[in-house]
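Take a moment to look over the model below.

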Amino acid sequence: MRDEVKRKFVYDFEEGDAAMTNLLGGKGANLAQMVRNGLRVPPGFIITTQACLSYLQEGEKLLEDIWPSIREALSRLEVKTGKKWGKGPFPLLVSVRSGAPVSMPGMMDTILNLGLNSETLPLLSHASQNERFAFDSYRRFIQMYAEVVKGLASASFEEILAEVKAREKIQFDYEISTDGMRSVVSAFLAIYEAKVGEPFPQDPWEQLRQAIAAVFRSWNSSRAITYRELNSIPHTLGTAVNVVSMVFGNLGEQCGTGVCFTRNPSNGCPDLYGEFLINAQGEDVVAGVRTPLPISELRYVMPDMHEELLGVAHSLENYYKDMQDVEFTIENRRLYILQTREGKRSAAAAVKIAHDMVREQIINRQEALKRVTPRDAELLLHKQVPSDVHVSLLAEGLPASPGAGKGIITFTPDEAVRLTSEGQKVVLVRPETSPDDIHGLAVAEAVVTSRGGMTSHAAVVARGMGKPCVTGCESLSINIEQGILQKGDIVLSAGDFITVDGSYGRVLLGDVPLVDAQITAEFSEMLQWADNVASLQVWANADTPLDAKRAREFGAKGIGLCRTEHMFMSQERLPIMERMIVAESKEKRLSDLELLKAMQKEDFRAIFTEMDGYPVIIRLLDPPLHEFLPKEGDIKKRILELPTDMEEKERLFREEELIDMLKKIESLKEVNPMMGFRGCRVGIIYPEIYEMQIRAILEAAIEAQKNGVTVIPEIMIPLVGISGEMEFFRHTVDRIAQEYYKSTGASIDYKVGSMIEVPRAILITEKIALYADFFSFGTNDLTQAVFAYSRDDAESKFLGAYLEKELLTENPFHILDREGVGEMMHFCVDKARKTRQNISLGICGEHGGNPESIAFCHALGLDYVSCSPFRIPVARLAAAQAALGFTN
Ligand code: PEP
Ligand code: MG
């Protein structure tokens, strides 16, 4: 019995449901569910993904084994439809479509009207009372079969169609006369025979068998493999095959076909959204050959069908609890649903839909939080064309995918790949795109097509990739061979710069300055929900008052890393810093430090004020001192350029100063500066530098507190590797604080803690924790030290190859290496909490803004992650999803 179940490869729609996606594919499982839910779906059956996988291993033998089940399923179809396979009076025709467990738009091919041959053609013509329709159906079938099963190119078929249209002096396929269609069919059959070397198969069973095998094989077509790789879809899923009885949208004016989203996939508004064509068959809508009508027009053309479609949309949303992407056909005013699946949507739409569905009580807040991916959150910070900037419009089309992007025009995907590998930014411009263009779409900044609608290939793929896209720019004439793009008098060539505004469907001339997007009220509210479920807080890496302000706006609950070195880099401060570093006596150094202290104090005061009520971790000076000094060559140039008309004494004095600096630079030279004289080692050798910073922090805190600000200063010591280092600075800070208490009478709560970025510090966690109120994992340095990689060298020399050879699965500087670095963090967290129960633990390396790494930090039980301000929304969402046990 068990074996029988395992070997069951064919399911009628009535036997499946939505939970059987892995076995029946997404399309099949949903068709089955819709049948269960009482929606009108054309009868059909599904051959399972297991059959595909077995076929790819066993070949034709598998088909032999399952053939009896397929014949039986087909007989049941005859009964359900009242039509006959290969016979009259009404011949049964089927579509054969692939359907993987994960939606792969445009990746697999469809064959419609299968079952037509020279015998069933006149029967169809008679039964439908429409001879033209019968020939039209046959020519479509021949072409699809030839392309999908035999791999013929579409060009020769298209040529024939073009010839007939020229002969009949018409523009579109649907205008071809009955005689014209008849001649198209003869010509197609002749092409097929000439190119394949045998006549077009007349036996419907043979047609079916070949079509099923072709769908199985298409799982391993190169474009399917590329799509899976781009989207991290496992190659081991396989595709199911859906064999569905045909219904016809091209039987006349009472028929039509369309695709519709139950809500707007671009902005999330709760209206039916999509397109339809009257008197057309399936592929016509997505192929982008005829520009379809917006679905709202259906209300006027066939009000009853519009009403019914609204009802279907409502019922599907209530069942699936998500926005759906529905394909439908109207055959003589009967609405059939051919497919439903979760609708792909822009990031903006993902937020609006999730938010609205909570309000509509379709889902709860937690569910809503899972509906927005961290990547969506990232995309929401997409660039836009500012409304107040002057732009020159080249063309208008459909706003197929939001955001704005710009670059040089390129007309072919290969060229797009070549140019981007040279560091150029490109916009891919094509009449329309097909799955073969996927590599070009993947690298382009934006996409423009002259044909196609909101559901064309370019539109769907660009939305998925989060790229701006404008489709249906019909006023643009694109000549790929000549490499030009024309609109009236304006002619642009490959290499000319354009800007694409996907949010408003505009193609603009030249390089338009773009602005960063804002967070909508709905997204802000969802981020509040996220904060309520997350156990990790999100803090910011912020070095300036402006950064701090932005961090608060994005919802940071503290500053986890203020890198004070950045404060010394301005034009007015750097010379003082240089002078301080080269000073030959402590006295001289102290006087420059005094100047620097006043400046730093001002910055800290402003940061504390921005962060009123929230903790601010300020890290003392970290980089090697030579980073603040000019290059040797620059000093030599400065010496040569000393003004000749200067007083001799003054000139000598200046020259001497510069020579001293040269000597100092020489003395500070290191073989490996990142492992050299940096971090707290500088503070040990020059305690006055760290003391200056500590004083600046405490004085600023006292002053801000006097002004009514709630200040929570935390002083962080970088690159600690020995407990004595931490002990020394702990005492230094406490001593200085005591002095202030005595002299000012003010008291302030502060913390002193350590960066954890040296492996040795982890091994002696307990000793360091004796002196530290908090630890912050500096996973940038820690990753370098644990792997013994210098990041820049590793990334430029060998990391790429390591990833290619799969020695590493991820770049450990982007996604935290759980196995090595993560294990050390785990050890440290355990020991730290044992030594000091209430120690505050966080991360401030780059990984703090990476969703996968955030999930790990959640599992470790850290208190917060700290990342750059622009990554905060992503991190807040990722922290909530980690708490909800949800990974994308
Ligand atoms: C780190 O090492 O992770 C860190 C945050 O410090 P920096 O990147 O400034 O060295
Ligand atoms: Mg560091």
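Is the crossing of H6 and H8 left-handed or right-handed? The crossing is left-handed. That term applies when the near helix is turned anticlockwise from the far one by less than a right angle, and right-handed applies if clockwise. This is a predicted model, where local features need pLDDT of at least 70, side-chain atom pairs count only at pLDDT 80 or more, and totals for chains, interfaces and linings use all residues. Residues are numbered from 1 along each chain as its sequence is written, chains are lettered from A and ligands numbered from 1 in the order written, and side-chain values use heavy atoms, without hydrogens and water.

Start with those two helices. H6 covers residues 131–150 and H8 covers residues 178–196. Helices (H or I, at least four residues) and strands (E, at least two) are DSSP runs, numbered from the N terminus. The axes of H6 and H8 come within 8 Å and cross at roughly 20°. H6 is therefore roughly parallel to H8. Axes are lines fitted to C-alpha atoms, for helices over the stretch in contact, with angles from 0 to 180 degrees between N-to-C directions. Angles under 35 degrees count as roughly parallel, over 145 as roughly antiparallel, 65 to 115 as roughly perpendicular and the rest as oblique. Contact (heavy atoms within 4.5 Å) involves residues including Phe135 and Ile142 of H6 and Val185 and Phe188 of H8. The contact residues divide into 12 nonpolar, 2 polar and 6 charged. Here Ala, Val, Leu, Ile, Met, Phe, Trp, Tyr, Cys and Pro count as nonpolar, Asp, Glu, Lys and Arg as charged, and the others, Gly among them, as polar.

H6 has another partner. The axes of H5 (residues 120–128) and H6 come within 7 Å and cross at roughly 140°. H5 is therefore oblique to H6. This crossing is right-handed. Leu121 and Leu124 are among the H5 residues in the contact, and Phe133 is one of those from H6.

Now look at two loops. A cis peptide bond joins Gly88 and Pro89, with omega about 0°. Pro89 sits in the loop between strand S3 (84–85) and strand S4 (91–92). Arg333 has a phi near 65°, a positive value in a residue other than glycine. Arg333 lies in the loop between strand S11 (324–331) and strand S12 (334–342).

Finish at a pocket. Which helix gives the most to the lining of the second largest pocket? H31 does, with 5 residues. By class, the lining has 14 nonpolar, 8 polar and 13 charged residues.
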